[in-house]
Amino acid sequence: MPRWSFLTNHARVLLVIASDPDIRLREIATAVGISERRAHDIVCDLADAGYLKKERDGRRNTYEVQHDRSLEDDLAEDRPIGEVLELLTDTRNAERARSREAPTRRQRSSTGT
(Lines give C-alpha, C1' and ligand atoms only; values in the text may rest on other atoms or scores of the structure.)
Protein backbone atom coordinates (compact mmCIF):
# COMPACT_ATOMS: atom_id res chain seq x y z
CA MET A 1 0.00 0.00 0.00
CA PRO A 2 1.45 3.45 -0.90
CA ARG A 3 2.52 5.62 2.00
CA TRP A 4 1.10 9.13 2.14
CA SER A 5 1.56 12.09 4.42
CA PHE A 6 -0.98 14.53 5.77
CA LEU A 7 1.49 17.36 5.12
CA THR A 8 2.71 18.24 1.65
CA ASN A 9 6.40 18.06 0.85
CA HIS A 10 6.42 21.87 0.79
CA ALA A 11 5.16 21.98 4.39
CA ARG A 12 7.61 19.28 5.45
CA VAL A 13 10.55 21.12 3.86
CA LEU A 14 9.51 24.32 5.61
CA LEU A 15 9.33 22.48 8.95
CA VAL A 16 12.80 21.01 8.45
CA ILE A 17 14.25 24.41 7.57
CA ALA A 18 12.48 26.08 10.51
CA SER A 19 14.19 23.63 12.86
CA ASP A 20 17.63 24.15 11.27
CA PRO A 21 18.13 27.28 9.13
CA ASP A 22 21.68 26.21 8.19
CA ILE A 23 20.62 22.80 6.87
CA ARG A 24 21.97 21.65 3.49
CA LEU A 25 19.75 20.61 0.59
CA ARG A 26 21.04 17.06 0.83
CA GLU A 27 19.95 16.90 4.47
CA ILE A 28 16.55 18.41 3.64
CA ALA A 29 16.04 15.78 0.94
CA THR A 30 16.99 12.97 3.30
CA ALA A 31 14.76 14.26 6.12
CA VAL A 32 11.73 14.60 3.84
CA GLY A 33 12.42 11.50 1.74
CA ILE A 34 12.72 13.24 -1.63
CA SER A 35 15.48 13.78 -4.16
CA GLU A 36 17.96 16.60 -3.72
CA ARG A 37 16.69 18.14 -6.98
CA ARG A 38 13.09 18.07 -5.70
CA ALA A 39 14.24 19.65 -2.41
CA HIS A 40 15.92 22.42 -4.42
CA ASP A 41 12.73 23.02 -6.44
CA ILE A 42 10.60 23.18 -3.29
CA VAL A 43 13.01 25.58 -1.55
CA CYS A 44 12.87 27.80 -4.65
CA ASP A 45 9.04 27.60 -4.66
CA LEU A 46 8.94 28.62 -0.98
CA ALA A 47 11.40 31.47 -1.55
CA ASP A 48 9.52 32.70 -4.66
CA ALA A 49 6.25 32.66 -2.69
CA GLY A 50 7.84 34.69 0.11
CA TYR A 51 7.81 32.02 2.83
CA LEU A 52 11.63 31.81 2.92
CA LYS A 53 14.56 34.09 2.41
CA LYS A 54 17.74 32.45 1.13
CA GLU A 55 21.08 34.04 1.81
CA ARG A 56 24.35 32.81 0.40
CA ASP A 57 27.03 32.27 3.04
CA GLY A 58 30.21 31.18 1.24
CA ARG A 59 29.37 27.89 -0.44
CA ARG A 60 26.25 27.36 1.67
CA ASN A 61 22.80 28.84 1.95
CA THR A 62 21.21 30.05 5.14
CA TYR A 63 17.44 30.21 5.28
CA GLU A 64 15.10 32.48 7.18
CA VAL A 65 11.43 31.55 7.50
CA GLN A 66 9.15 34.56 7.06
CA HIS A 67 6.88 33.80 10.03
CA ASP A 68 4.52 36.71 9.34
CA ARG A 69 3.80 35.60 5.75
CA SER A 70 0.13 34.70 5.36
CA LEU A 71 -0.87 31.25 4.16
CA GLU A 72 -3.24 32.88 1.66
CA ASP A 73 -5.67 29.99 1.92
CA ASP A 74 -9.41 30.49 2.33
CA LEU A 75 -9.68 27.68 4.86
CA ALA A 76 -6.69 28.91 6.87
CA GLU A 77 -8.26 32.35 7.29
CA ASP A 78 -5.00 34.05 6.26
CA ARG A 79 -3.13 32.80 9.32
CA PRO A 80 0.60 33.51 9.30
CA ILE A 81 2.85 30.57 8.50
CA GLY A 82 4.60 31.08 11.84
CA GLU A 83 1.45 30.03 13.73
CA VAL A 84 1.20 26.82 11.75
CA LEU A 85 4.90 26.02 12.18
CA GLU A 86 4.68 26.74 15.89
CA LEU A 87 1.71 24.44 16.26
CA LEU A 88 3.40 21.61 14.37
CA THR A 89 6.76 22.11 16.06
CA ASP A 90 5.25 22.30 19.55
CA THR A 91 3.27 19.14 18.84
CA ARG A 92 6.37 17.25 17.65
CA ASN A 93 8.42 18.44 20.63
CA ALA A 94 5.67 17.47 23.07
CA GLU A 95 5.39 13.99 21.52
CA ARG A 96 9.16 13.49 21.72
CA ALA A 97 9.21 14.60 25.35
CA ARG A 98 6.35 12.23 26.22
CA SER A 99 8.03 9.30 24.50
CA ARG A 100 11.27 9.93 26.43
CA GLU A 101 9.46 10.29 29.77
CA ALA A 102 6.96 7.45 29.46
CA PRO A 103 8.40 3.99 30.10
CA THR A 104 7.89 1.54 27.28
CA ARG A 105 5.67 -1.50 27.71
CA ARG A 106 8.78 -3.68 28.07
CA GLN A 107 10.21 -1.35 30.76
CA ARG A 108 6.92 -1.37 32.69
CA SER A 109 6.65 -5.17 32.60
CA SER A 110 10.24 -5.65 33.77
CA THR A 111 9.74 -3.31 36.72
CA GLY A 112 6.43 -4.90 37.66
CA THR A 113 4.32 -1.78 37.07
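Trainee: Where do I start? How many helices and strands are there in the protein?

Mentor: Start with the secondary structure, and keep in mind that the model is predicted. The protein has five helices and two strands. Going from the N terminus, the order of elements is α-α-α-β-β-α-α.

Trainee: And how many of the residues are buried?

Mentor: Of the 113 residues in the protein, 23% are buried. Taking contacts between residues at least 6 apart, 36% join residues at least 24 apart.

Trainee: Next, the nonpolar core. Which residues in the largest one touch the most other members?

Mentor: Look for Val13, Ile17, Ile28, Val43 and Leu52, out of 21 residues in that core. At least two residues each come from α1, α2, α3 (36-48), β2 and α4. The top contributor is α1, which gives five residues.

Trainee: Let me zoom in on one of those. What is Ile28 in contact with, leaving aside its neighbours within four places in sequence?

Mentor: Ile28 meets Val13, Val16, Ile17, Ile23, Ala39, Val43 and Tyr63.

Trainee: How do I read pockets, then?

Mentor: The general idea is that rolling a probe the size of a water molecule over the atoms shows where empty space is left. In this structure, the largest pocket has a volume of about 490 Å³.

Trainee: Which residues lie nearest the centre of the largest pocket?

Mentor: Those are Leu7, Ala11, Leu71, Ile81 and Val84, from a lining of 17 residues. Both α1 (9-19) and α4 (81-101) supply at least two lining residues, and α4 gives the most, with five.

Trainee: What is the make-up of that lining by class?

Mentor: The largest pocket is lined by 14 nonpolar residues, two polar and one charged.

Trainee: What about the second largest pocket: what volume does it have?

Mentor: The second largest pocket comes to about 270 Å³. Its lining is made of Ile23, Arg24, Leu25, Arg26, Glu36, Arg56, Arg59, Arg60, Asn61 and Tyr63. Two or more of these residues come from each of α2 (25-32) and β2 (60-65), with β2 giving the largest share, three residues. By class, you'll find six charged, three nonpolar and one polar. Ile23 and Tyr63 line this pocket, and both are also in contact with Ile28.

Trainee: Can we try single residues? Where does Ser70 lie, and why does it count as buried?

Mentor: Ser70 is in the loop between β2 and α4. Ser70 counts as buried because its relative accessible area is 17%, and the cut-off is under 20%. Not counting residues up to four places away in sequence, Ser70 touches Tyr51, Asp78, Arg79 and Pro80.

Trainee: One more, then. What does the side chain of Arg12 reach?

Mentor: Arg12 is in helix α1, and its side chain reaches the backbone oxygen of Val32 at 3.1 Å. Beyond residues up to four places away in sequence, Arg12 touches Arg3, Ser5, Leu7, Ala31 and Val32.

Note on methods:
Residues are numbered from 1 along each chain as its sequence is written. This is a predicted model: local features need pLDDT of at least 70, side-chain atom pairs count only at pLDDT 80 or more; totals for chains, interfaces and linings use all residues. Side-chain values use heavy atoms; hydrogens and water are left out. On a 1 Å grid over the protein atoms alone, a cavity is a set of points where a 1.4 Å probe fits but cannot get out, and a pocket is an open set with protein on both sides within 12 Å along at least five of seven lines; lining residues have an atom within 4 Å of a point. Grid points are joined across faces, edges and corners, and a volume is the space filled by probe spheres set on the points. Helices (H or I, at least four residues) and strands (E, at least two) are DSSP runs, numbered from the N terminus. Ala, Val, Leu, Ile, Met, Phe, Trp, Tyr, Cys and Pro count as nonpolar, Asp, Glu, Lys and Arg as charged, and the others, Gly among them, as polar. A nonpolar core is a set of buried Ala, Val, Leu, Ile, Met, Phe, Trp, Tyr and Cys residues joined through side-chain atoms within 4.5 Å. Buried means under 20% relative accessible area, exposed over 50%, partly exposed in between (1.4 Å probe, protein chains only). Contact means heavy atoms within 4.5 Å. A polar contact is a pair of N or O atoms within 3.5 Å; within protein, one must be able to donate a hydrogen and the other to accept it, and residues adjacent in sequence count only if both atoms are side-chain atoms.
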